[in-house]
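Here is a friendly briefing to read alongside the model. Please keep the viewer open as you go through the points.

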Amino acid sequence: MATKKKPNRLGDFIRRCRKERGWSIDELAFRSHVRPRLISGYERGEYDPGSRNLSAILRALGLPLPWEAGDSKDSSTARDASLADWGALLPPSALAGIAT
């Protein structure tokens, strides 16, 4: 009996962004300081990144961090909307310990 693969939107998103830049897993690992084995596992949905590794990967890809969205000039509504958008991709473990 085949096991059903769980949805992996975050891993698919990381892979797509990495490939759009023409980077290998090793290149993303070098730029983010996250081990290639971990990045590969995230992309395949084997496990979810914690907030530290996710931050490093997103920064390396030049993407905004959802928990840093908005600044003191922006309303909290804009920040909350950004977190909600990212929440569709992020596993709960990635946002653990991040104040909203």
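Tyr42 counts as buried because its relative accessibility is 5%; buried means under 20% relative accessible area, exposed over 50% and partly exposed in between, with a 1.4 Å probe and protein chains only. This is a predicted model, in which local features need pLDDT of at least 70 and side-chain atom pairs count only at pLDDT 80 or more, while totals for chains, interfaces and linings use all residues. Residues are numbered from 1 along each chain as its sequence is written, and side-chain values use heavy atoms, with hydrogens and water left out.

**The aromatic pair**

- The structure holds one aromatic pair.
- The rings of Tyr42 and Tyr47 form an edge-to-face pair, because their centres are 5.7 Å apart and their planes stand at 90 degrees.
- As for the cut-offs, rings of Phe, Tyr and Trp (its six-membered ring) pair if their centres lie within 6.5 Å; planes under 30 degrees apart count as stacked, over 60 as edge-to-face and the rest as tilted.
- Tyr47 has 28% relative accessibility, so this residue counts as partly exposed.

**Overall layout**

- The chain has five helices and zero strands; helices (H or I, at least four residues) and strands (E, at least two) are DSSP runs, numbered from the N terminus.
- Of the 100 residues in the chain, 39% are buried.
- The chain exposes about 6,400 Å², and carbon and sulfur atoms supply 52% of that area; accessible areas come from the Shrake-Rupley method with a 1.4 Å probe, and for residues only the protein chains shown count as cover.
- Among contacts in the chain with a separation of 6 or more, 54% come from residues 24 or more positions apart; contact means heavy atoms within 4.5 Å.

**The nonpolar core**

- The largest nonpolar core has 18 residues, and those with the most contacts inside it are Leu28, Val34, Ile39, Ile57, Leu58, Leu61 and Leu63.
- Two or more residues of this core come from each of helix H1 (9-20), helix H2 (25-32), helix H3 (36-44) and helix H4 (51-60).
- Such a core is a set of buried Ala, Val, Leu, Ile, Met, Phe, Trp, Tyr and Cys residues joined through side-chain atoms within 4.5 Å.
- In H4, the buried residues include Ile57 and Leu58, along with Leu54, Ser55 and Ala60.
- Leu63 touches Phe13, Cys17, Arg21 and Leu58, leaving out residues up to four places away in sequence.

**A buried glutamate**

- Glu43 lies in helix H3 and counts as buried because its relative accessibility is 2%.
- The side chains of Glu43 and Arg18 are joined by a polar contact of 2.7 Å.
- A polar contact is a pair of N or O atoms within 3.5 Å; within protein, one must be able to donate a hydrogen and the other to accept it, and residues adjacent in sequence count only if both atoms are side-chain atoms.
- Beyond four places in sequence, Glu43 is in contact with Asn8, Gly11, Asp12, Ile14, Arg15, Arg18 and Ile25.

**Backbone points**

- His33 lies in the loop between H2 and H3, and its phi is near 65 degrees, a positive value in a residue other than glycine.
- Most residues other than glycine have a negative phi.
- His33 is exposed, with a relative accessible area of 74%.
- Just after H4, Gly62 takes a positive phi of about 75 degrees.

**Confidence**

- The chain has a mean pLDDT of 75, and 58% of its residues reach 70 or more; pLDDT is the predictor's confidence in each residue, from 0 to 100.
- Among the elements of the chain, H2 has the highest mean pLDDT (98) and helix H5 (residues 76-87) the lowest (48).
- Over residues 71-83, pLDDT stays under 50, and the model has nine contacts beyond four places in sequence for them.
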